[in-house]
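I open this notebook to record, entry by entry, what I looked up in the structure. I begin with the meeting of the chains, and go on to helices and domains.

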Amino acid sequence: MAKFEKANSVGEWLDQRLNTTALTKVLMTEYWIPKDINFLWAMGVLLAVTFKILVISGIFLMMYYKPDVNLAFDSVNYTIMQEVAYGWLFRHMHGVAASVIFLIIYIHMFTGIYYGSYKQGREMIWISGMLLFMTFSAAGFSGYMLPWGQMSYWAAMVITNLFGGVPIIGDALVVWIRGDFNVADATLTRFFMLHVFLLPIVIMGIIGLHFYTLRIPHVNNQEGADIDYDEEAEKYLSGNKKESKVIPFWPVFISKDFAILGIFLIFYFYLVFFHYNFAMDPVNFDPADAMVTPAHIYPEWYFLWSYEVLRGFFFDVGPVKAFDIGLAAFGFANVIFLVLPWLDRDPAILPAHKRPKFFIWFWILMADLIVLTVYGKLPPTGINAWVGFVVATLFILLFLALPFVTKSDAKKRGDV
Amino acid sequence: MRELKILAVVVALTLITYWGVEPFAHSQMHPHVEPADYKFTDVQEDIKDVKALTGDAQNGAALVQANCTACHSITTEGFPQLMDNVSSAAAYGVVPPDLSTAGKIYSADYLAAFIKDPVKASKVEHKFQDGRVHPMPAYGWMQPQEIADMVVYLQSIAPKEMSNKEVFVDACQRCHGIKYGDMKGGSMAAKTPDENIKSYMGKLPPDLSQYIRSRGESYLHTFVNNPQKHLEGTAMPRVGLTEEAETQAIKYMQEVGDSKKEEREALGPKFLIYLVIFAIFAWLWKASKWREVH
């Protein structure tokens with residue numbers, strides 16, 4: 001066993017046992033981040049803080065929430081919203097954070113795509129990030145069910161029904177997921193378990209993985225420049241801070257994150273107090289009723305683009321049913337981002353404005369996703385259905401074209 | 001400068017998406033309706049004769065007591081309810097309203113039109129067809145003077161002030177419950193028993209506890225003023241509330257269904273002030289740290 005000297009301070013005592021000085025260096029003061037970044041590089045910290053808000057407000061909500069079809073609606077809308085001191089605040093914080101976190105996830109994700117931060121060694125960062133997107137989506141969906149309002153019930157109905165499209169085992173799978181032939185008490189209780197236990201644990205694990213994946217390839221920068229971290233770190237540590245291309249995570253990088261976090265929190269709490277209907281749909285303040293289908297069923301805004309890909313294919317093609325085509329397209333939309341590093345055939349890490357064809361591809365994709373999102377909410381009738389069909393098809397074509405688009409950029413530059 | 005440009009792009013894309021999924025989508029899903037009409041313009045022609053006359057409350061008293069009290073109670077004037085809610089719902093289909101406050105909460109024009117032809121005034125012609133008759137017969141056979149007298153009488157006995165809850169109870173609670181109004185005591189359930197109201201209306205009228213959140217104030221105003229506007233063919237009658245009474249009933253729904261509204265609106269600015277202070281300190285810290293590296 002190691003020999004321990006008498007410590008002169010608490011810090012030293014801890015350092016002897018936990019090696020805290022070295023740990024702080026590795027994780028904070030000598031964890032190097034490129035200096036050439038903009039505010040989009042703060043989204044990670046914003047996400048971490050928003051996730052923390054979700055966990056803390058969720059713990060308070062769980063103290064009064066009752067996962068039972070007969071009690072759930074009133075436990076949320078009466079007990080928490082009217083009776084418990086500041087219960088409304090925690091619910092609004094939770095509901096709005098759940099929505100806003102997806103806005104930040106999307107900004108974070110498209111920043112990664114724009115700057116090419118998913119390739120040449122950064123594949124695991126991208127994949128772990130996409131796994132977080134998927135687990136957050138599952139958490140968002142399962143959480144939306146808990147207030148047991150009309151939208152909770154009917155969204156659960158529509159989404160669990162989708163699994164019926166899986167060949168051969170579809171029908172059995174739907175029953176297995178619901179725990180009943182219908183969306184019922186068993187469904188609510190298991191989604192409660194997923195939402196408050198399994199998914200948060202998995203998310204926390206993947207967040208750890210996501211942070212770890214950054215260690216070796218390092219964070220990307222605005223120009224995609226290749227940085228010699230050892231050399232630049234040495235410059236910084238020897239006092240040549242202005243010339244060094246890197247900054248330590250603590251305190252330089254985090255100070256910028258906090259500044260941006262300050263602005264973000266003003267925006268977020270403004271929504272919590274004064275503008276929350278976009279995140280807490282009024283229709284969901286009607287209790288779940290299996291006998292009354294709402295006039296319009298739509299998911300939360302952050303699922304609308306993939307929902308519209310699902311709905312876009314609204315007609316049968318020969319013997320293939322519209323439902324099955326839509327489901328296949330929906331499956332495509334949900335996994336295609338995961339393989340993005342391999343669809344991009346351009347070996348260079350460059351921001352999109354330095355990759356002319358990819359630049360155009362990127363903005364068409366953004367426009368397509370926005371149109372998909374907006375039309376995902378509108379009733380799919382008349383011209384809306386055709387717009388949906390066109391933009392859903394375009395979405396698939398964009399990803400099929402990506403290898404060629406990126407290869408062409410690389411060729412022109414002479415990289416391949 | 002570049003950061004501001006990027007920020008402008010992010011904000012613009014966010015706002016376009018927001019506009020598309022909120023204001024635009026809702027305008028497509030819920031077509032615009034005309035504002036509430038508290039003059040009840042559509043019945044003005046029918047009651048022109050009544051409005052040309054001046055009513056006499058004393059005559060009205062005699063007429064109301066002879067014609068109305070067989071079914072309606074007027075508790076404040078010594079005409080108590082003759083049957084309990086269960087029995088009167090069984091007899092009439094729905095518990096008949098007590099008339100003590102009718103002159104206060106209902107528009108005088110509407111009352112005159114309703115006495116003449118309840119089905120037309122309440123816009124439920126589609127419901128009373130094929131031999132189905134409204135529980136209250138039309139009194140269009142009366143002289144315009146008599147109707148004017150009865151309306152004035154009802155106004156003369158009505159209280160000058162009513163609480164929001166009292167308005168809600170008299171205007172809505174015969175058919176609708178609002179259970180959050182008395183979660184433990186249960187006194188805010190609908191007065192007409194479920195099975196009666198279900199067969200009278202075709203379906204169980206919804207509990208209104210969360211309607212202030214699910215429908216919102218402006219929808220409730222245009223809806224209560226004329227339910228057919230938003231829900232064509234609904235069994236809910238137009239009840240003819242004055243603008244003041246309607247506002248009070250909706251205020252009560254807010255007191256019950258969004259009871260923390262005042263607290264929320266008062267706490268919001270305080271939160272934001274603290275966050276502005278945090279943001280200022282964060283920017284100062286950032287500036288001091290980045291000065292060293294730039």
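**Entry 1: where the chains meet**

I began with the contact between the chains, and I found that 43 residues of chain A are in contact with 44 residues of chain B. I keep in mind that I am reading a predicted model. Next I asked which elements give two or more residues to the side of chain A that touches chain B. I noted α4 (72-83), α5 (87-114), α11 (249-274) and α15 of chain A as these elements. Of the contributions to this side, that of α11(A) is the most, with 15 residues. I then sorted the side of chain A that touches chain B by class, and wrote down 30 nonpolar, 7 polar and 6 charged residues.

**Entry 2: α15 of chain A against α1 of chain B**

I turned to one helix pair across the two chains, namely helix α15 (residues 356-377) of chain A and helix α1 (residues 2-29) of chain B, whose axes come within 8 Å and cross at roughly 15°. Because angles under 35 degrees count as roughly parallel, I describe α15(A) as roughly parallel to α1(B). For the handedness of this crossing, I noted that α15(A) and α1(B) cross in a right-handed way. I listed the residues that make the contact: α15(A) brings A:M366, A:I370, A:T373, A:V374 and A:K377, while α1(B) brings B:L13, B:I16, B:T17, B:G20, B:V21, B:F24 and B:A25. When I divided the residues of this contact of α15(A) with α1(B) by class, I had 8 nonpolar, 3 polar and 1 charged.

**Entry 3: α15 of chain A against α16 of chain A**

I stayed with α15(A) and looked at its pairing with helix α16 (residues 383-413) of chain A, where the axes come within 9 Å and cross at roughly 160°. Since angles over 145 degrees count as roughly antiparallel, I describe α15(A) as roughly antiparallel to α16(A). The crossing of α15(A) and α16(A) is left-handed. The contact of α15(A) with α16(A) has 16 nonpolar, 4 polar and 3 charged residues.

**Entry 4: one residue of α15**

I picked out A:I364, which lies in helix α15 of chain A. Is A:I364 buried, exposed or partly exposed? I counted 15 C-beta neighbours inside 10 Å, and therefore A:I364 counts as partly exposed. I also looked up A:I364 together with A:F395, and the two are 31 residues apart in sequence and 9.2 Å apart in space, C-alpha to C-alpha.

**Entry 5: α6 and α9 of chain A**

In the contact of α6(A) with α9(A) I noted 17 nonpolar and 8 polar residues, with no charged residues.

**Entry 6: domains**

Last, I looked up how each chain is divided. The assignment for chain A gives domain 1 (7-34), domain 2 (37-218 + 256-297) and domain 3 (309-416), and the C-alpha centres of domain 1 and domain 2 of chain A lie 35 Å apart. For chain B I noted domain 1 (1-32), domain 2 (34-257) and domain 3 (268-294), and here the C-alpha centres of domain 1 and domain 3 of chain B lie 27 Å apart.

Technical notes. Residues are numbered from 1 along each chain as its sequence is written. Chains are lettered from A and ligands numbered from 1 in the order in which they are written. This is a predicted model: local features need pLDDT of at least 70, side-chain atom pairs count only at pLDDT 80 or more; totals for chains, interfaces and linings use all residues. Domain bounds come from an automatic or database domain assignment. Axes are lines fitted to C-alpha atoms, for helices over the stretch in contact, and angles run from 0 to 180 degrees between N-to-C directions. Helices (H or I, at least four residues) and strands (E, at least two) are DSSP runs, numbered from the N terminus. Angles under 35 degrees count as roughly parallel, over 145 as roughly antiparallel, 65 to 115 as roughly perpendicular and the rest as oblique. A crossing is left-handed if the near helix is turned anticlockwise from the far one by less than a right angle, and right-handed if clockwise. Two residues are in contact if their C-beta atoms, placed from the backbone, lie within 7 Å. Ala, Val, Leu, Ile, Met, Phe, Trp, Tyr, Cys and Pro count as nonpolar, Asp, Glu, Lys and Arg as charged, and the others, Gly among them, as polar. A residue is buried if 20 or more other C-beta atoms lie within 10 Å of its own, exposed if 12 or fewer, and partly exposed in between; C-beta atoms are placed from the backbone.
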